[in-house]
Amino acid sequence: MTTESVDVLVIGAGPSGCVSASYLHNNGVSVKVVEKTKFPRLVVGESLIPRVMDHFDEVGLFPALDAMNFEKKLGARFIRGEEICVFDFSDKYSEGWDWTWQVPRADFDNTLAQEVIKKGVDLEFESEVISLSFEGKNSTTVIKDKDGNLKEIKAKFIIDSSGYGRVLPRLLDLDTPSKLDPHSSIFTHVKDVNRPEGEEGTLISFDILETEVWLWVIPFSNGNTSLGVVGPTTFINSLSDKNNAEALRNAIQLSDYYIKRFGNVDFLFDPVKLENYSRSVKKMYGDGFALTGNSSEFLDPVFSSGVAFATESGILAAKLIHKEFKGETVDWETEFTGYMKSGIGVFTTYVKEWYTGNLQTLFFHQPENPDVKRKICAVLAGYVWDESNPFVKKHDNVIKNMAHMINMEKET
């Protein structure tokens, strides 16, 4: 068995792994990335939010992504019957990016990975983590390549960015149940042959079929569109007793808004089902390792927070590791877990209040309150650490209380 030694081993070459590896490499830290799959590969999470752009820009990955001409996401539209609420990221409370992208993740992630390789990072595809052990913070990880060859990688720190592979949570028994109710989704891509011209055709949309059931529509610049249905697992399972394709078609039939556009289009691949997708962990770090992105927490696709939290945690872990390597003291509980949990906590509230219907009450209330809308828009853009925004600072109560007042007004 051959042996390699690096400062940091990154498991997973998705956005979180690429951002953390790029930051470390830019700062002179030797890093190796191992990725179980072969790129390009299909993965969900095709809608980004503006906060993620800060991370790509900071580590030097933005130019390569921008050159791909992905569909620009300037905001998001929420539909409930004949009611429509549109958020414009340029009209938000917090400072920050006014746009982001809607992306086929196979192309997007491959662009990131290839750019990291161009930078000089050692990235090894089709290599699976088999086992690992720690001596203090130092680790020895055994990986197996596509030909079955084994290799030891000795590292001073591990970043687990393995996403749903959840390598360290599995190997170190870190999984714990999510605090969110069990929801599932089914999605595919279609050739969007009936796409309308202009914003109507390209704006990402969330079509509410029932309070807890919604359809996502994510148009791409290549002419394809991602379609998915999300809801309680019991509902998703009830859509068909045959297959995922029939289930998704049945869901599309429930949409008055999109039935003409997508009712008869062909699916580009057999729809994929993600069952009980929410995830959590007992802890986000330990001696010699940190969990980033979906390998730690995944909430819900409703506000597209997944990639932003992945890159936020990825770049933060990389910064703290670099700081530690320079001999500075790092309080991982406060600087990593505390920070990430505060942002995750805000989004968790918004996800919960979406499914109670309270947030939908605020979205569709007429007349609109521009100040409230701007503050909610900042949250949807990912600026969930800006505590000057009362919809961040008081997230535990503000949505619930405002929805209650609106409902009281309707009753009187």
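Reader: What makes Asn69 count as exposed in this structure?

Author: In this predicted model, Asn69 has a relative accessibility of 58%, and since exposed means over 50%, Asn69 counts as exposed. Asn69 lies in the loop between helix H3 (62-66) and strand E3 (71-73), and its phi is positive, about 55°, although Asn69 is not a glycine.

Reader: Why is Asp173 called exposed?

Author: The relative accessible area of Asp173 is 53%, and exposed means over 50%, so Asp173 is exposed. Asp173 is placed in the loop between helix H5 (167-171) and strand E11 (175-176), and although it is not a glycine, Asp173 has a positive phi of about 55°.

Reader: Why is Ile130 called partly exposed?

Author: Ile130 has a relative accessibility of 37%, and because buried means under 20% and exposed over 50%, with partly exposed in between, Ile130 counts as partly exposed. This residue sits in strand E8 (residues 128-135), and together with Met1 and Leu150 it makes a nonpolar surface patch of about 290 Å².

Reader: How do you know that the length of helix H10 agrees with its number of residues?

Author: Helix H10 (residues 306-325) has 20 residues, which at 1.5 Å a residue should span 28 Å, and its end C-alpha atoms are 29 Å apart, so the two values agree. Just after H10, Gly327 takes a positive phi of about 90°.

Reader: What makes H10 mostly covered?

Author: Buried means under 20% relative accessible area, and 17 of the 20 residues of H10 are buried, so that the helix is mostly covered. Strand E13 (residues 205-210) is also mostly covered, with five of its six residues buried.

Reader: How do you know that E13 and strand E14 (residues 213-219) pair, and in which sense?

Author: Two strands pair if there are at least two bridges between them, and E13 and E14 have five, in the antiparallel sense, with Ser205 standing opposite Val217 in E14. The two strands form a hairpin with two residues between them.

Reader: What makes strand E4 (residues 75-80) a partner of E13?

Author: The pairing needs at least two bridges, and E4 and E13 have three, in the parallel sense, with Ile79 standing opposite Asp207 in E13.

Reader: Which residues touch the most other members of the largest nonpolar core?

Author: The largest nonpolar core has 112 residues, and those touching the most other members are Phe56, Phe78, Trp101, Phe303, Phe336, Trp354 and Phe363. Helix H11 (residues 332-356) gives the most to this core, with 10 residues.

Notes. Residues are numbered from 1 along each chain as its sequence is written. This is a predicted model: local features need pLDDT of at least 70, side-chain atom pairs count only at pLDDT 80 or more; totals for chains, interfaces and linings use all residues. Side-chain values use heavy atoms; hydrogens and water are left out. Helices (H or I, at least four residues) and strands (E, at least two) are DSSP runs, numbered from the N terminus. The expected span of a helix is 1.5 Å times one less than its number of residues. Buried means under 20% relative accessible area, exposed over 50%, partly exposed in between (1.4 Å probe, protein chains only). Patches are made of residues with over 30% relative accessible area and no salt bridge: like charges are joined within 9 Å, nonpolar side chains (Val, Leu, Ile, Met, Phe, Trp, Tyr) within 5 Å. Accessible areas come from the Shrake-Rupley method with a 1.4 Å probe; for residues, only the protein chains shown count as cover. A salt bridge is a side-chain nitrogen of Lys or Arg within 4 Å of a carboxyl oxygen of Asp or Glu. A nonpolar core is a set of buried Ala, Val, Leu, Ile, Met, Phe, Trp, Tyr and Cys residues joined through side-chain atoms within 4.5 Å.
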